[in-house]
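Shall we take a look?

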Amino acid sequence: MAQIPEKVHELTVGQLSQRSGAAVSALHFYESKGLITSRRTSGNQRRYTRDTLRRVAFIRAAQRVGIPLATIRDALAQLPEERTPNRDDWARLSETWRSELDERIKQLGRLRDHLTDCIGCGCLSLETCVLSNPDDVFGDRLTGSRLLPEHRK
């Protein structure tokens, strides 16, 4: 992979793609969703600041653990625009997701521990299924076999 000289302060979309490992189409998508920004040259070509590399790495890491793009966008909006985000900035952002990730880990653990029972049973019983209806929470509120939330009229 070619190194970008330190004196280069902006990256083309191709350079950003090569350095970040994200496809050009993904970078365009991230930009359309407000996750990253670019400026346009007089020839209408995109140019990204060097700190966009860190932002793309952050986006991709957050996506890998299942953080929704809207949540990622809100987090990135809290980063300073006048400087490259540092370790403290990233630590502050990731801390806000800790409880959400802990809950996902708990759910995945429950899925792992009970998946064999669920597949073996095959019924997805709302009364007893620990995956679809842990602790029979639907039984207290609903009657019948409903997996989808009620729509209020």
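What follows is a set of questions and answers on the fold, its helices and a few single residues.

The model is a predicted one, where local features need pLDDT of at least 70, side-chain atom pairs count only at pLDDT 80 or more, and totals for chains, interfaces and linings use all residues. Residues are numbered from 1 along each chain as its sequence is written, and side-chain values use heavy atoms, with hydrogens and water left out.

Reader: Glad to start with the overview: in what order do the elements of the chain run from the N terminus on?
Author: Helices (H or I, at least four residues) and strands (E, at least two) are DSSP runs, numbered from the N terminus. The chain has seven helices and three strands. Their order, from the N terminus on, is β-α-α-β-β-α-α-α-α-α.

Reader: And what share of the residues in the chain is buried?
Author: Buried means under 20% relative accessible area, exposed over 50%, and partly exposed in between, with a 1.4 Å probe and protein chains only. Out of 153 residues in the chain, the buried share is 27%.

Reader: How do α1 and α2 pack, and at what angle?
Author: Two packed helices are described by the angle between their axes and the distance between the axes. Axes here are lines fitted to C-alpha atoms, for helices over the stretch in contact, and angles run from 0 to 180 degrees between N-to-C directions. The axes of α1 and α2 are 9 Å apart, at an angle of about 105°. With 65 to 115 degrees counting as roughly perpendicular (under 35 is roughly parallel, over 145 roughly antiparallel, the rest oblique), that makes α1 and α2 roughly perpendicular.

Reader: Which residues of α2 meet α1?
Author: Contact means heavy atoms within 4.5 Å. On the α1 side are Val13, Leu16, Ser17 and Ser20. The residues of α2 that they meet are Val24, Leu27 and His28.

Reader: Where do the buried residues of α2 sit around its axis?
Author: The buried residues in α2 are Leu27, Tyr30 and Glu31. The arc is that of the directions from the helix axis to the C-beta atoms, and these residues cover only 100° of it, so they lie on the same side of α2. Their cover includes α1, β3 (46-49) and α3. The face turned away from this buried side carries the exposed Ser25 and Ser32.

Reader: Which elements do the buried residues of helix α4 pack against?
Author: In α4 (residues 69-76), the buried residues are Ile72, Ala75 and Leu76. Seen down the axis, they fall within an arc of 95°, so they line one face of α4. They pack against α3 (52-64) and α5 (87-96).

Reader: Is isoleucine 36 buried or exposed?
Author: Isoleucine 36 lies in the loop between α2 and β2. Beyond four places in sequence, isoleucine 36 touches Leu16, Leu27, Tyr30, Glu31, Tyr48, Thr52, Arg55, Val56 and Ile59. Its relative accessibility is 3%, so isoleucine 36 counts as buried.

Reader: What distance separates the C-alpha atoms of proline 85 and aspartate 51?
Author: Proline 85 is in the loop between α4 and α5, and counts as buried at 1% relative accessibility. Leaving aside neighbours within four places in sequence, its contacts are Asp51, Arg54, Arg55, Leu79 and Trp90. Proline 85 and aspartate 51 are 34 residues apart along the chain, with their C-alpha atoms separated by 7.5 Å.
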